Amino acid sequence: MSDFTYILPPEIITKVLFYLDQKSCVECTRVCRRWFSSIPKYATPLWNQLNISLDSWWKVNTPLLQFLGPHVKNVSIVSKETGFILQRLKRHDCNIQFLVIVDPIYSSPFLRDHTKNVTMHPFYASLELFANTLTELTIDCQQYHISLTTLLDTLPLLTHLTVKYGASYIEPIYTVSDNNNNNNNSNSNRKSKIVFLCLDNTSHFSTLIHPILLRCPELKFLLLSNFRNEFKYFPMYMDQIQTTIQSCPSIQYISMRKIDMRFWTHVKNLEKRWICMSRKMIIDKNKNNSNKNFIQAIEKGSNTKHEWELIDKKEKTLRELEFSGIIHHEQLFSILKKSQHTLEHLHYSFVNAEQLQYTIEQNPLLHFPHLKSIELTTLDNLTGKPTWIFKGLFDMHQQQLEHLYLDFKTLEGSDPILQQVINNMIEAISKLKKLQYLFLEFQNQCTVYCDNLDLLSSNNTELRDVTFINIPILDQGLMELSKLPQLCMLELRGYNVHRLLTEDGFIAFANKLKELNSPLELLDLNCDHTSAVTDTVLKHLCQVESLKTLRISANHDITDEGVNIYFGAKKRRIELSCCNLVSQNNSNVLFIQ
């Protein structure tokens, strides 16, 4: 058989090799001497990204080194020999632009620069090798101190910096500027090109984080989060947001929040979305669009382009704001007022309802013409009838809200009052004509149920994602949800959601989905303490053509028979957790924690 590298043109060889993974590509070099020398030059597109996960990787994969070169730009390292690996990559002329370092193991004292004439640690020296190319750096699960100041001085082209600590980490981020050698470092006040900055489990905002912000005049995205249970480590007060706005003239996206594992996915998605947005901004700027105002991206619905330009020149404004903890209504109003004409997303977690109510009622005419998303999580101290939420936030934004997230920590009152509150809430939501995402949760057990979901099916024709947690619904309510014409994801989780549902109700639900040719792709059922979801229900759900993922947890009624029927010839994804009648050896199931 002829050698295809002799016969085919180079561009075809490159396309053929692109279908291989990197490991298979390395194996090809072991075929013969010619392939050892020729295959690497045809496979360069495959090696733009490089993942290094074993300390012995460099010692046993000599053929792999043949593939390294200027085309290697995106590198992820999980190793104890990070410095050595970076030096080897530089020796092979790799032009690293994106670097992820996961759990580097170094001794804490060597990462600090306490003395005047300290020699730069090999870690920083290795990073400095790529000072002319590295633009994005992520250090994940770092257990010891990292000098942010040294990173900024070492990498002048850095535009994205992320430093993440383990959740149990209790020490603050370390900066050179807090030590004696601050006065001896000529670069300590040099401005950075950082556009995106993400730090987690940090503390001491004023002494450790603020000095870094002062060096980042181009910073547009700031994400600070922490997992601790007490605010004393990182009291995310409004004055920190004000300080950030004053220190960073270009800031438009701020997230300062205390999080728990329930919101971990949200934070990860937010980080990914902001990184994508920041990269696009940099690309646009490099295309000689630096004079164009980024706010024009939300120009939709405004009077004129000139209006946006005037707003941005007059005052510093935000497009997305996420925060947690204690607020003072004067500070909150001041920040929101300045961003009134630009704010698109507002997230407030660990909400003190009394404080927020006072802010809204004192300033009832504060309208955000471009607000698309509202998230109020862990809404506490909520008593009586919370009509101020509906009138103050919903009514003024009926024609624009697309995303609504409400998480009630406590909702007190007698059953008749609670029933009226829930009905009023659904009625107010039904007026949001452009709503696409709806999340409702009661953290405490709710004794009443939602009986007017027909308002959603009749009015919210653009609703795509619906999540109910601990909010009881009836069979008729489930039927109404099936009528939503754009519904793609439905999550019904928690004991209370399923308390009043029956097997017949789920069967009718499945049949209605099939009848209407529903676009539903994901159905999440946490069925704790209910016998409504059975093998018979699975048999009917398997007839819903669009359904791709079925997630069931805490169920004690479904068996292997029902699972196998649902899986069927279409081999659709089914995820189970705590379903004790389904065999752990069932190959049709993905068991999740």
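**View 1. Glu-271 is buried, with a relative accessible area of 8% (buried means under 20%, exposed over 50% and partly exposed in between, with a 1.4 Å probe and protein chains only).** The model is predicted, so that local features need pLDDT of at least 70 and side-chain atom pairs pLDDT 80 or more, while totals for chains, interfaces and linings use all residues. Residues are numbered from 1 along each chain as its sequence is written, and side-chain values use heavy atoms, without hydrogens and water. Glu-271 belongs to helix H11 (helices, H or I of at least four residues, and strands, E of at least two, are DSSP runs numbered from the N terminus). Between the C-alpha atoms of Glu-271 and Thr-162 there are 9.9 Å, although the two residues are 109 positions apart along the chain.

**View 2. The second largest cavity contains about 60 Å³ of space.** It is one of two cavities of 30 Å³ or more in the structure (a cavity is a set of points on a 1 Å grid over the protein atoms alone where a 1.4 Å probe fits but cannot get out; lining residues have an atom within 4 Å of a point). The lining of this second largest cavity is made of Lys-164, Cys-198, Asp-200, Leu-223, Ser-225, Trp-264, Val-267, Lys-268 and Glu-271. Strand S6 (196-200), strand S7 and helix H11 each give two or more residues to this lining. H11 contributes the most, with four residues. The lining residue Glu-271 is the buried residue of View 1.

**View 3. The largest pocket has a volume of about 960 Å³ (a pocket is an open set of grid points with protein on both sides within 12 Å along at least five of seven lines).** Its lining consists of 30 residues, and those nearest the centre of the pocket are His-266, Asn-269, His-403, Tyr-405 and Tyr-437. Two or more lining residues come from each of H11, S9, strand S11 (373-379), strand S12 (403-408), strand S13 (437-442), strand S14 (465-469) and strand S15 (489-493). Helix H11 provides the largest share, five residues.

**View 4. Phe-221 and Trp-274 form one of the seven aromatic pairs in the structure (rings of Phe, Tyr and Trp, the last by its six-membered ring, pair if their centres lie within 6.5 Å; planes under 30 degrees apart count as stacked, over 60 as edge-to-face and the rest as tilted).** The ring centres of Phe-221 and Trp-274 are 5.8 Å apart and the planes lie at 55°, so this pair is tilted. Phe-221 sits in strand S7 (residues 221-226) and Trp-274 in helix H11 (residues 264-289), so that the pair links distant parts of the chain, 53 residues apart. Phe-221 is buried at 0% relative accessible area, and Trp-274 is likewise buried at 0%.

**View 5. Phe-323 and Tyr-348 form a stacked pair, with ring centres 4.5 Å apart and planes at 25°.** Phe-323 is in strand S9 (residues 320-324) and Tyr-348 in strand S10 (residues 345-349), so the contact ties together parts 25 residues apart in sequence. Phe-323 counts as buried at 2% relative accessibility; Tyr-348 is buried at 1%.

**View 6. Glu-218 and Lys-285 are joined by a salt bridge, with the closest N and O atoms 3.5 Å apart (a side-chain nitrogen of Lys or Arg within 4 Å of a carboxyl oxygen of Asp or Glu).** The loop between helix H9 (205-213) and S7 holds Glu-218, and helix H11 holds Lys-285, so the bridge ties together parts 67 residues apart in sequence. Glu-218 is partly exposed at 28% relative accessibility, and Lys-285 is partly exposed at 40%. Asp-284 and Lys-280 also meet in a salt bridge, at 3.2 Å from N to O. Asp-284 and Lys-280 are both in H11, four residues apart, about one turn of the helix. Asp-284 is partly exposed at 21%, whereas Lys-280 is exposed at 52%.

**View 7. Glu-575 and Arg-573 meet in a salt bridge of 2.4 Å from N to O.** Glu-575 is buried at 6% relative accessibility, while Arg-573 is partly exposed at 44%. Through shared partners, salt bridges join Glu-575 and Arg-573 with Glu-491, Arg-493, Asp-524 and Arg-551 into one network. The whole structure holds 14 salt bridges.

Definitions and conventions. Grid points are joined across faces, edges and corners, and a volume is the space filled by probe spheres set on the points.
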